[in-house]
Amino acid sequence: MNFLRFRVPIIAVFIIITLFLGYGLQKITKENGIKALLATDNPDFLFFEEMEKVFGATDQLILGINFKDSVYSDDNLRVIKELTKFFQENEYIDEDDVLSLGNIDNIDGIDGELIIAPLMPGSSDVIRSKVRDNDMLMGKIVSLNEQSTAVIVTIDSSITFNAEILDQIIDSTDMEILRLQNERPDIDIYKSGMVSVKNTTSQYMDKDMKVMFPIAIVITMLILFILLKSTAGVFIPIIVTLFSVVWTLGLKGWLNSPLTMAETVIPIMLIAIGCADGVHIISEFLSIMSRGKSAKLALKETMDNLKIPVILTSLTTSLGFFSLITAPGISVRNMGIFLGFGVLTAMLFSLIFIPCLLSFKKDKDKGLVKTTNNIFLNNLDKYGEFIIRNKKIIIVLSAIFLGISIVGMKNVIVETDQIMFLKTDDPLRVSTQKIQEFLGGVNTLDIIIQGKEDCLKDPQILNFIYRLQKYSESLESVSYTLSLVDYVKKIYYEFMNKDTDFKVIPNTSSEVSNLLFLYEMGGGDKLNKVVNSDYSMGKVSIRLSDTTQIGIEKIISNIDQWLNINTPQGITTKYTNDYIRIVMGDLVTKGQIKSFISTLLAIVILLMLIFKSPVSGILISLPVIIAVCFNFAIMWLTGTTLNIGTSIIASVGMGVGIDYAIHFFQRYKKSYLESNDNYISIINALNDSFFPIFSNAIAVGIGFLALLFSNYYIIAGIGWITGLSMLTTAFCALFVLPAYLAVFEPLKKRAKKISTKNILIAIIFFIPITTISAYEDPYSIIEKNRSLKEFDSCMNTTQMVLIDSRGNKKLREMNIYSLKTDIGENKFINIIQPADVKGTKFLTIGNSNGDDDQRLYLPALNKIRKISSANKNGKFVGSDISFYDMEKNSIDKYIYNYSGEGYVNEIECWIIESKDLDPSSPYSKSKEYISKNDFYCYKKELFSKEGEHIKTITIVDTVIIDNVIITTKSIVEDLKENHKTLLSVSNVVINKHTDSDIFTIKNLN
């Protein structure tokens, strides 16, 4: 205790460190997603991330709109359109990631044309008819009773993990919903989906921290005052725990470690646990002073008595938390690490800071812990005699309770559904249930079908997928399914003029390839949601109305049995998306067992080393094991689920509960060294430790009850289960442990004083511890550009490489023939790669006075179909070049303005802005980078009607043939979809053919 000479500097140092670490509190960020709960090296999670790269993000914000009458009224459709436009205009949401009746594309066959165009605008009757005729919409986007519909918004996880941006999206959404409902009180709008879950989680994290923290402090102070009846006994432990919280969370901030949902309990748990040693010290100190000793002597005796128990209990408690390092997911692991650090911090305060504070207490200010008036406490001798007399019965009963507890551990239900962790009247939970009722739910189980390249074009495989979908839809709680099969059947049906005999899968792979190519030619761009670029991997999405762990496990079990019998040779299947929750449930269970065993072994071995007795280590631990296991029986009997929150109770129970057993055993050991009598030592230990252990268990246990004020059952569950654990472990320490000591007498011929050396060895062994020059007039520049010499006819081979946002590539190779006529430009294109669409031909008869006439020949189907040019933004052969891009518009269709200068591949250019006057154009304007040297346009930036830069065409390389500049390499980038097309032109021949017979419908055959 010589350090007390420097008590003022020591206190000052502690305060300075606290202020420094406290500054880190403002650096704390939040992470609210499921990713933090999972083992990031888990194969299933890695597969989930890989599939997100292939098929896109899975986080969705789902709005269910319920109308009193039909969806199909002009007013109701206007509401849907307004909501759709609202999300499309949000700067953080990709326009193409919004899906509703307000913008969804319909696949339609009209007069020999395959038209892919939005359902709206249009009359309500026409929209109703189209939805009813589309199995991909009916019962999915629109409910079967036609009174409800959904707006589904997919948001990238980089956005949903940013709490600040997510708050903005949800807040603005709530305001829009409120506006619409005030305008239309006859409709109900429900909000759900994982995006909403993440936001709600984030909001509750803030609310819980603000509400539960002060409640925990008030509760703990009140209990301490009732038990200790001392101002020092209240405020000193609270100061210690507050400083520990600041140190722990401040360090978390300085280390840029985000705060997850599970970690919101750290402050409350530290308040409850961190004050434990302080309570012991204050209680002992005041008790010794009440017997007439001076403050100085009382402080010395207190620390002599409690120094070793405080170190031991802190070590075992921190070991309990550090054992969570083996748990899956950074969330629980971080919670264990920082709670363990917090406990060791509290130990440091208890051993140094508290004595420094108590050293200021004057003798005349003696406190008094009044325990003598309690009848039970005054008869602890009789209580001890009862235990000794019935020691064998108590041991038998404890064994029975252990057996019941093991049964309970095996039967506790695992739950990972975050919706189920909300209170039953929580708006999000209510909304989710409503969407489940009329739109089939918000959760999706995906099955990935994988085989060799192009296997997903094989009718045999497609029929397997179709049968899998039908079987899945027959299962309870499966609302509907979606896959590539639905697209193929819909395209085939529409292509064959809505003949119901063709509402099937075609007979050959070539027919399937032709249909899919036709879909892409018509501007269809949704296949990447259900199939990868080389058709070796497809996704079957199964929408679930039952989101519980048991419900999903049952569905998977049934599907597994079907797959075992029906999966074709060479095909593999694997689950993802909501399957991750099943994986998490399994990891929670295994993590619970793993952390419990690791904590148990660490504590038992630690105690064996310290007490130099295997028997003592086991006897001290066994009653705590019984108490912790019994908590699982209570969970089983009360229907409390094992989840990511309650999964920590074994480690916490062992780590904290062992404190009581150590305190009791240490008192017992001290008495045994003095009396060498086992029974007397048990009774003396009960007299000395009963009230401190009892009061500590009450204070800590009730402190944990502050977690009951959480909006999340997952956190509230931690509160009452851990609070109960404090009581059961204290009871076992004061009732079961004495019985064991009475029977086994572990110190007989072995009692030795514990040395500091032993403790240091144990600590070392167990603590292991990111100027436009001559052409200033823009019209002059444009005229010079447009007057550049052009070819009259051209032949070339063009290769296209289509690259999507996830790096997947598709190859297109074709021979292209062009011929200028008096009224336009004719084109004939013959596809030569890929092999499955080889022989497909495309014809354009140019007409500068109206729409071009476009026809497509599909060899596998031996059909010629007209391609509608009404959709100017449709994609040519699935590339980023639209039909409008291929048109050559006259100079008078634009208003030109000078916009500066720039460089393209070191070529100095003027930048000319062209405002598009064509109302059918998909663009509002463009910016052309025109070379100051040869007036060729080397880059073109295209802007949407809303003024957003959406596409860039860049010329990479050119050649000059007969004084005509020919582009040989170029890049077309769709900035909205993060998709690009690389074009390479070879075998160029110009002005050598004028045969107009090439450009005829007859030539298509």
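Modeller: The discussion below takes up confidence, a sheet with its helices, one further helix, and salt bridges.

Colleague: What is the average pLDDT of the chain?

Modeller: This is a predicted model, and pLDDT expresses the predictor's confidence in each residue. The chain has an average pLDDT of 82, and 90% of the residues score at least 70. Of the chain's elements, helix 15 (residues 459–473) has the highest mean, 95, while helix 24 (residues 756–766) has the lowest, 48. Two stretches call for caution. The pLDDT is below 50 over residues 366–372, a stretch with 19 contacts in the model beyond near neighbours in sequence. Residues 760–775 also have pLDDT below 50, with 25 such contacts.

Colleague: In what order do the four strands of the open sheet lie?

Modeller: Strands of a sheet pair through backbone hydrogen bonds, in either a parallel or an antiparallel manner. Here the order is 3-6-2-7, and the pairing is antiparallel. Strand 3 (98–99) and strand 7 (187–192) are the edge strands, each pairing on one side only.

Colleague: How many bridges join strand 2 to strand 6?

Modeller: Seven bridges connect strand 2 (residues 60–67) with strand 6 (residues 148–154), and the two run antiparallel.

Colleague: Which strands does helix 3 lie across?

Modeller: Helix 3 (residues 74–88) lies across strand 2, strand 3, strand 6 and strand 7, at about 165 degrees to strand 2. Helix 14 (residues 427–439) lies across strand 2, strand 6 and strand 7, and its angle to strand 7 is about 110 degrees.

Colleague: Is helix 17 mostly covered or mostly uncovered?

Modeller: An α-helix has 3.6 residues a turn, so residues three or four places apart point the same way. Helix 17 (residues 509–521) reaches 18 Å from its first C-alpha to its last, close to the 18 Å expected for its 13 residues. It is mostly covered, with 11 of its 13 residues buried. Among the buried residues are Leu515, Leu516, Phe517 and Leu518, and also Glu511 and Glu520. Just after helix 17, Gly523 adopts a positive phi of about 100 degrees.

Colleague: How many salt bridges does a search of the whole structure find?

Modeller: Side chains of opposite charge can pair when their charged atoms come close. The search finds 31 salt bridges. In one of them, Glu89 pairs with Lys85, the closest N and O atoms being 3.9 Å apart. This pair qualifies because the cut-off is 4 Å. Glu89 counts as exposed, at 53% relative accessibility, and Lys85 as partly exposed, at 47%.

Colleague: Is Lys827 buried or exposed?

Modeller: Lys827 forms a salt bridge with Glu825 at 3.4 Å, N to O. Lys827 has 19% relative accessibility and therefore counts as buried, because buried means under 20%.

Colleague: Which distant parts of the chain does the pair of Lys932 and Glu901 link?

Modeller: In this salt bridge, the closest N and O atoms of Lys932 and Glu901 are 2.8 Å apart. Lys932 belongs to the loop between strand 21 (923–931) and strand 22 (937–944), whereas Glu901 is in strand 19 (residues 894–904), 31 residues apart. Lys932 is partly exposed at 22% relative accessibility, and Glu901 is partly exposed at 31%.

Colleague: Which residues are linked in a network of salt bridges?

Modeller: The network comprises Arg78, Glu82, Glu176, Arg179 and Glu183.

Definitions and conventions
Residues are numbered from 1 along each chain as its sequence is written. This is a predicted model: local features need pLDDT of at least 70, side-chain atom pairs count only at pLDDT 80 or more; totals for chains, interfaces and linings use all residues. Side-chain values use heavy atoms; hydrogens and water are left out. Two strands pair if DSSP finds at least two bridges between them. Contact means heavy atoms within 4.5 Å. Axes are lines fitted to C-alpha atoms, for helices over the stretch in contact, and angles run from 0 to 180 degrees between N-to-C directions. The expected span of a helix is 1.5 Å times one less than its number of residues. Buried means under 20% relative accessible area, exposed over 50%, partly exposed in between (1.4 Å probe, protein chains only). pLDDT is the predictor's confidence in each residue, from 0 to 100. A salt bridge is a side-chain nitrogen of Lys or Arg within 4 Å of a carboxyl oxygen of Asp or Glu.
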